[in-house]
Amino acid sequence: MPFTVLTSKIEHETNTFSPVPTDLDRFAQRILLRGNALATSYQGTRGSMGATFAAAERYGWVLRHPIAASATPSGKVTDEAFETIAASLLAEAHGLDGVLLHLHGAMVTESFEDGEGELLRRLRLAVGPDIPIVVTLDLHANVTQAMADNANALIAVRTYPHVDYDERGTQGAELLQRAMLGEIRPRTVIAKRAMMRGLDGGKTQGGPMRELVERGEAIEAAGKALVVSVCAGFTAADIHDIGPSVTVTVDAGQEAAGQAIAEAFMDHAWETRAYTSANHLSIADAVAHAKAGEQGAIKPLVMADVTDNSGSGHYGDATNLLAAMVAADLQRCIFHAIYDPAAVQAAIALGVGRTGPIELGGRHDSSAGGGPITLTGEIVTLTNGRFQAFGPMGGGTWKDVGPSALFRVGGIDIVLVTNNGQATDLAQVTSLGCDPLRAATIAVKSNHHFRAAYEPIAREVITVLGGGLGSKIASGGTFHNVRRPIWPLDPLEVSP
Ligand SMILES: [Zn+2]
């Protein structure tokens, strides 16, 4: 008898400081797929779901794939969205041999601070104690005891930018197959410290995160644990279980050894908690730097506004950086992007080849990086916003950012999009007719993921404090629900 395996992708990174509710429409704007449409979207692609379909073919599984739901980070997931998505999954949670689930691990719903913990609790209840549940996670997961208790294995990605979902999906499938065959009985333990953030925000180019990932892989290779997962956590979440974690998955009976590994890893995370590789510029300094280098540039300067990063749940419509770029009259420049459905509609009404004024951006909160600005320029391109992403993070999947426009103001090509989303793939601009290789300057809204696609083509990368929602949270975000004491809110020398 072939094994019957349940899989789904249910992802949200919830910024509890964003007032924008994450309802089913927000999921539908990014990914909300079921049944055959889901299979068609992921078969043959790189990523956690693509790897799952490939594994099902390799191992001869009967695969149930009721739902893939992923929304751009934003405010709390509505109860209606959570219950609808959970019901789709749980309706198939019977008569199974195993589960391979792909989650983010930082979902907060209107009713549950720990969305994934609640989902896994219900799933465990439905399938019983003996069916293995293997879960892949984003390394920005705020991992909880409930997640570790109700899943047999937690496998976080090991790269930031996250380019190893395919490998982690394959690893999860192998582990699940061994568990279903009865070769192993995986159990997962977790360690945390009294810290809200650390591990350099999860950056894996160097620093403490990289060191722990490499140590974890050595432990796996030596057979001392089945999986070692290091998560940096997600900081824009006012929840009890915020912060970095290490989970170790071992065969049943080895939990104490696994816990010792997890504790030693978290000791290192604690000791290095203040380490940061960030070196952000002001808008004025960044724009001056761009202006000084644009003449004769044969490769672009890429500058990222880390404070209006929709990938962290920011609004994606801050205008201060763009306004400064326009004022400086930058040339051969691409700006990605202003999330503003109304501005796109104005561009459509104006029409391709026409010139006119368009009011854009700043719709959510003018104190978060600038209010609406009116610019006069030419509508160069209009598209339906669909493109195939072949970059390191895209894996060949189709993206849909909704109706989009390329609006040329002086020497700046401004991308206007209907659905919010950070810069992760060159096709986000090439699909509108821009050639990023020919630009002198490219501005994006992203913290770090943009590097996967944009760093290889850049002559230099800088990061900018644009005054967006990220700045507001960093300077004035008040946390009511986090466990106390906790660093850096409390001046701790040792983790209690
Ligand atoms: Zn992440």
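Trainee: How many aromatic pairs does the rule give?

Mentor: The count comes to three aromatic pairs. The rule takes rings of Phe, Tyr and Trp (its six-membered ring) whose centres lie within 6.5 Å; planes under 30 degrees apart count as stacked, over 60 as edge-to-face and the rest as tilted. Note that the model is predicted: local features need pLDDT of at least 70 and side-chain atom pairs 80 or more, while totals for chains, interfaces and linings use all residues. Residues are numbered from 1 along each chain as its sequence is written, and side-chain values use heavy atoms, with hydrogens and water left out.

Trainee: Why is the pair of Phe-82 and Phe-112 called tilted?

Mentor: The centres of Phe-82 and Phe-112 are 5.8 Å apart and the planes make 50°.

Trainee: What makes the arrangement around the zinc ion irregular?

Mentor: Donors are N, O and S atoms within 2.8 Å of the metal (3.2 Å for Na, K and Ca); water is not among the atoms, so sites may look incomplete. Here Asp-138 (OD), Asp-138 (OD), His-140 (ND1) and His-162 (NE2) coordinate the zinc ion at 2.1 to 2.6 Å. Four donors are tetrahedral if all angles lie between 85 and 135 degrees; four are square planar and six octahedral if opposite donors are over 155 degrees apart and all others between 65 and 115; anything else is irregular. The four donor atoms subtend angles of 53 to 147°, so the arrangement is irregular. Asp-138 and His-140 are both buried.

Trainee: How do you know that Cys-333 is in no disulfide?

Mentor: A disulfide is a pair of cysteine sulfur atoms within 2.5 Å. A search of the whole structure finds zero disulfides. For Cys-333, the nearest cysteine sulfur is that of Cys-434, 9.9 Å away, so Cys-333 is in none. Cys-333 is buried at 2% relative accessibility, and Cys-434 is buried at 6%.

Trainee: Why is Arg-273 said to lie over the face of Trp-270?

Mentor: A charge sits over a ring if NZ of Lys or CZ of Arg is within 6 Å of the ring centre and within 35 degrees of the ring normal. Arg-273 lies over the face of Trp-270 at 3.9 Å from the ring centre. Arg-273 also lies over the face of Trp-487, at 5.6 Å.

Trainee: Where does Leu-199 lie, and what is its phi?

Mentor: Leu-199 is in the loop between β8 (186-191) and α8 (207-221). Its phi is near 55°, a positive value in a residue other than glycine. Leu-199 has 0% relative accessibility, so Leu-199 counts as buried.

Note on methods. Buried < 20%, exposed > 50% of the residue type's maximum accessible area, 1.4 Å probe, protein only. Helix = DSSP H or I, 4+ residues; strand = E, 2+ residues; numbered from the N terminus.
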